[in-house]
Amino acid sequence: MKTDILIRNAAQMATCAGCDRPRRGKEMSYDIIMEDGWIAVAAGKIMGIGRGDIPGEIEVDEDTLVIDASGKTVLPGFVDPHTHLVHGGSREKELALKLEGVPYLEILKRGGGILSTVRATRAASEEELLEKARKSLDIMLLHGTTTVEAKSGYGLNLEDELKCLRVAETLNRQHPVDIVSTFLGAHAVPEEYRDKKEEYIDFLIQEVMPLVKRLGLAEFCDVFCEKGVFSVEESRKILTRAREMGYKLKIHADEIETLGGAELAGELRTVSADHLLAMSGKGLKKMKEGGVIAVLLPGTSFNLNVGKYARARDIIDAGLAVALATDYNPGSCPTENIQLILSLACLKMKMTPEEVVIAATINSAHAIDRGKEIGSLEVGKKADIVVLDIPNIEYLPYHFGINHVDKVIKDGKLVVDEQRLVYRDTR
Ligand code: NIG
Ligand code: FE
């Protein structure tokens, strides 16, 4: 087959290949680096990969884009498995409160936090939300993210939840980045249901969730299981019904208080449990039994200034699979930059460079049930590839806070070149 793109001479290539399930524990650091690597792309897929000389069967002609990656490092496109991509407004005004020491849940209780973004999201038109989220997707792509999960959860009524989910659906069609949608109606109790949480939960289960599923607008269902938000019992009820409706499951678990969200994740065998700063030892054990992927979000700890990070070392050493995500949202983590998250994961959670690369590629692909199609450089997988202007993978978390991406190939097409977007808009 004729080669559309050939990348050659890569100083390092982290394939993240060779395991058809999430990599757990020690597996997160085995055998991922190839030196002097090449990779050939045709018809949107990876058709060959190796080291050294390019074999004769890789046909290269004048139409083939040949990329010399000398001195550079090649990775699978990053997969960001936890974002709140679609929302209106921003919350920089809360920064002062945060610096005064007002806790995150207290701001929410006062009607700010998530609820202030709900007001801004309801007030925004679908077109406005679309353009705002499109900008964020561009930033993500420029930083090497080729697939993202996107949650609803700032509409919190039928009309506005559907509006946000439609924005994600439209962008999935129009933008090169692939989007996997999650329904997060149980993100907060909206003001009109204040003191009527039971009624709100029934409304979600009876009216919103079946319709979202019928319209094919979300693949996963998630709940913010947290003190003063949704309890373990309430989360169990929502997630159990969600599963019956055909949703795959995720949970915001034990982010701030040790509530038992991780235990619930293990019991329900959710695909992932996310945050986990306050997870108990029992929660860890249950998650392992349930084969749950731990999605860690160190950018949120950093930005909330809580002085505490998820215990990634304990989680990995216990033999679980860890994935990393930005948690991109306007309150607790306003950044699209996955590379910064990898630095924080190394510096603050003591993950190794190999582990953070695995966590943001193949393991995060599994955390959104896309492990068979993306997340590693293997023949037959989607050609989602990043070329980083760094000599080795250790350099990525080390030189922090900047963008190391030189090129991004998405679905076999060059979409970022020399740090600039070069994709053709399909609007
Ligand atoms: O994952 N914890 C709940 N949800 C988001 C924050 C959303 C917000 O503050 O707007 C999170 O951190
Ligand atoms: Fe979140």
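This is a predicted model: local features need pLDDT of at least 70, side-chain atom pairs count only at pLDDT 80 or more; totals for chains, interfaces and linings use all residues.
**Ground rules.** I number residues from 1 along each chain as its sequence is written, letter chains from A and number ligands from 1 in written order. Local features need pLDDT of at least 70, side-chain atom pairs count only at pLDDT 80 or more, totals for chains, interfaces and linings use all residues, and side-chain values use heavy atoms, without hydrogens or water.

**Iron site.** I looked up the donors of the iron ion (ligand 2): His82 (NE2), His84 (NE2), His252 (NE2) and Asp327 (OD), at 2.1 to 2.4 Å. Donors are N, O and S atoms within 2.8 Å of the metal (3.2 Å for Na, K and Ca); water is not among the atoms, so sites may look incomplete. I read their sequence spacing as H-x1-H-x167-H-x74-D. His84 sits in the loop between strand 6 (78-80) and helix 1 (94-100), and Asp327 in the loop between strand 13 (322-324) and helix 12 (338-349), so the pair ties together parts 243 residues apart in sequence. Helices (H or I, at least four residues) and strands (E, at least two) are DSSP runs, numbered from the N terminus. I find both His84 and Asp327 buried (under 20% relative accessible area, 1.4 Å probe, protein chains only).

**Cysteines.** I count 0 disulfides (cysteine sulfur pairs within 2.5 Å). The sulfur of Cys16 is 11 Å from the closest cysteine sulfur, in Cys19, too far for a bond. For Cys346, the nearest cysteine sulfur is that of Cys16, 14 Å away. Cys16 is buried at 1% relative accessible area; Cys346 is buried at 14%.

**Ser136.** I place Ser136 in helix 4 (residues 126-142). Ser136 is buried, at 5% relative accessibility. Leaving out residues up to four places away in sequence, Ser136 touches Leu85, Tyr328 and Glu336 (heavy atoms within 4.5 Å).

Technical notes: Buried means under 20% relative accessible area, exposed over 50%, partly exposed in between (1.4 Å probe, protein chains only).
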